Amino acid sequence: MMTKMYPLPDEFQSDFKTEWQSFLAAADSAEVRFADVSDLLSSAERVFPFSNFVASACIRSPGLLADLIESGHLCQSYREDSYALRLKDLLADTEEQKTLERRLRRFRLREMIRIAWRDLSGWADLFETVADLSNLAEACIESALDFLYRWQCETHGI
């Protein structure tokens, strides 16, 4: 069951407009294009005012939101193993700890934007949101441990 959405209170309107303009300027500077900004605007009105994290992350890295939209991930529910499968592909050629750290941070940021956006826009219920947070955490920890364990075994043996 999706949450009923109410109009944005007036006191949030000016903050949202400022953040939205900052986001559009950042997207323009990064040469990130969106097929239909009006669809994005209607959901951003539900998300930006209530999550400084999402608004700031999207302004800093507008390409992450573009990727979520283009891939269809923003609008779809994930299966329980989706994070682990995506991380396996993303990290397949990782050879150094710094690269692992960077890729995990970027992946986590992208997916946290997705989870928060779906929650705040009413596209996901509480059960899905909590399950996604747990599955994301588990996949990131397991992936990091797999790499670190393998590297330690190569260096020091089992």
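Predicted model: local features only at pLDDT ≥ 70, side-chain atom pairs only at ≥ 80, totals over all residues.

Student: What are the spans of the C-alpha trace along its principal axes?

Tutor: They come to about 60 × 40 × 25 Å.

Student: Why is Val 32 called buried?

Tutor: Buried means under 20% relative accessible area, exposed means over 50%, and partly exposed is in between, with a 1.4 Å probe and protein chains only. Val 32 has 15% relative accessibility, so it counts as buried. Val 32 lies in the loop between H1 and H2. Across the protein, buried residues make up 40% of the 158 residues.

Student: Which residues does Val 32 contact, leaving aside its neighbours within four places in sequence?

Tutor: Contact means heavy atoms within 4.5 Å. By that test, Val 32 is in contact with Ala 27, Pro 62, Gly 63 and Ala 66, once neighbours within four places in sequence are left aside.

Student: Is Glu 31 buried or exposed?

Tutor: The relative accessible area of Glu 31 is 64%, so Glu 31 is exposed. Its place is in the loop between helix H1 (10–29) and helix H2 (37–47).

Student: What makes the phi of Glu 31 worth a look?

Tutor: Phi of Glu 31 is near 55°, a positive value in a residue other than glycine. Most residues other than glycine have a negative phi.

Student: How do you know whether Thr 129 is buried or exposed?

Tutor: With a relative accessible area of 9%, Thr 129 is buried. Thr 129 is found in helix H7. Beyond its neighbours within four places in sequence, Thr 129 is in contact with Ile 115, Asp 119 and Ala 124.

Student: What puts the buried residues of H2 on the same side?

Tutor: The buried residues of H2 are Leu 40, Ser 43, Ala 44, Arg 46 and Val 47. They cover an arc of only 155° around the axis, so they are on the same side of H2. The arc is that of the directions from the helix axis to the C-beta atoms. What covers the buried residues of H2 includes H1, H3, helix H4 (62–71) and H6.

Student: How do you know where the buried residues of H5 sit around its axis?

Tutor: In helix H5 (residues 82–90), Ser 82, Tyr 83 and Leu 87 are buried. Their arc around the axis is only 125°, which puts them on the same side of H5. On the other side of H5, Lys 88 and Asp 89 are exposed. The buried residues of H5 pack against helix H6 (97–120) and helix H7 (126–156).

Student: Why are H1 and H3 called roughly parallel?

Tutor: Axes are lines fitted to C-alpha atoms, for helices over the stretch in contact, and angles run from 0 to 180 degrees between N-to-C directions. Angles under 35 degrees count as roughly parallel, over 145 as roughly antiparallel, 65 to 115 as roughly perpendicular and the rest as oblique. H1 and H3 pack at about 25°, with their axes 8 Å apart. H1 and H3 are therefore roughly parallel to each other. In this contact, Glu 19, Ser 22, Phe 23 and Ala 26 of H1 meet Asn 52, Ala 55, Cys 58 and Ile 59 of H3.

Student: What makes H3 and H6 oblique?

Tutor: Helix H3 (residues 52–60) and H6 pack at an angle of about 130°, with their axes 10 Å apart. H3 and H6 are therefore oblique to each other. Phe 53, Val 54, Ala 57 and Cys 58 of H3 make the contact with Leu 109, Met 112, Ile 113, Ala 116 and Trp 117 of H6.

Conventions: Residues numbered from 1 in each chain as written. Heavy atoms only, no water. Helix = DSSP H or I, 4+ residues; strand = E, 2+ residues; numbered from the N terminus.
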